[in-house]
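Q: Hi! Could you walk me through this model in plain words?

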Amino acid sequence: YEISPLQAGMLFHSLHRPGSGAYFEQCWCTLEGPLETERFRLAWQKVINRHGVLRSECRWEGLDNPVQLIYDTAEPAWEILDWTAQRDTDTAFAEWLAQDRGRGFRLDQAPLMRFALMRLGVDRCRFVWSFHHLLMDGWCGALLVREMLRHYKGGEVPDEPAPYRNYVEWRAGQDETIAEEYWRKALAGLEAPTPLGMDRHI
């Protein structure tokens, strides 16, 4: 199905400036305590299996409008590294992150994410989740991490999620003129940049 207008903008910028790292996301954290590596990997795979957009790739060559293809199955790359003998893990990690960003993603090759786990000690790891922003926004990322933790702990997960395709189809059916009329009325009288009242620190 066709990609959303926001995805189309991200795709355009990514293709217009290849190698720029535009919309390349890296989320990482340090995990303290015992970690069952295979269980952790399987928990992430269950998340990917539940959400079609995480198994997607984009196609645009020869098409009037870009589309995303959803595969029945897709397994991201995992890199498991033993850094227990590494003296300067901070420097090694910074170099690894830079190399990972340099690899980027092929947007026509699913899945547009990968994972890495660096073992720093018996009960200490560093985890990296790299993905292209085409797949999700920050709100979704937090929800997916929460879902993964439920899988890892063997708990219940939410009901079957609505596919992203539903949103794309809903968005395509909206009347743009109604939205434009609403915002012209709501913003009437504003003639300069206007603070939104969201500049406070939380």
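What follows is a short chat about the chain, one of its helices and one serine.

A: Happy to! This is a predicted model, where local features need pLDDT of at least 70, side-chain atom pairs count only at pLDDT 80 or more, and totals for chains, interfaces and linings use all residues. Residues are numbered from 1 along each chain as its sequence is written, and side-chain values use heavy atoms, with hydrogens and water left out.

Q: Great. How many helices and strands are there in the protein chain?

A: The protein chain has six helices and six strands; these are DSSP runs numbered from the N terminus (helices H or I, at least four residues; strands E, at least two). Along the sequence the pattern reads α-β-α-β-β-β-α-β-β-α-α-α.

Q: And what does the C-alpha trace span along its principal axes?

A: About 60 × 40 × 40 Å. Of the 202 residues, 32% count as buried, where buried means under 20% relative accessible area, exposed over 50% and partly exposed in between (1.4 Å probe, protein chains only).

Q: Let's look at helix 2. How many residues does it have?

A: Helix 2 has 14 residues, 37-50, and reaches 20 Å from first C-alpha to last, close to the 20 Å expected at 1.5 Å a residue. The expected span is 1.5 Å times one less than the number of residues.

Q: Which residues of helix 2 are buried?

A: They are Phe 40, Ala 43, Trp 44, Gln 45, Val 47, Ile 48 and Arg 50. Their cover includes strand 1, strand 4, strand 5, strand 6 and helix 4.

Q: How do the axes of helix 2 and helix 4 cross?

A: The two axes come within 8 Å and cross at roughly 125°. Axes are lines fitted to C-alpha atoms, for helices over the stretch in contact, and angles run from 0 to 180 degrees between N-to-C directions. So helix 2 is oblique to helix 4; under 35 degrees counts as roughly parallel, over 145 as roughly antiparallel, 65 to 115 as roughly perpendicular and the rest as oblique.

Q: Which residues make that contact?

A: Helix 2 contributes residues including Arg 39, Phe 40 and Trp 44, and helix 4 contributes residues including Leu 144, Met 148 and Tyr 152. Contact means heavy atoms within 4.5 Å.

Q: Switching topic: is Ser 4 buried or exposed?

A: Ser 4 counts as buried because its relative accessibility is 4%. Ser 4 sits in the segment before helix 1.

Q: What does Ser 4 contact, leaving aside its neighbours within four places in sequence?

A: Ser 4 is in contact with Tyr 164, Tyr 167 and Val 168. The side chains of Ser 4 and Tyr 164 are joined by a polar contact of 3.2 Å. A polar contact is a pair of N or O atoms within 3.5 Å; within protein, one must be able to donate a hydrogen and the other to accept it, and residues adjacent in sequence count only if both atoms are side-chain atoms.
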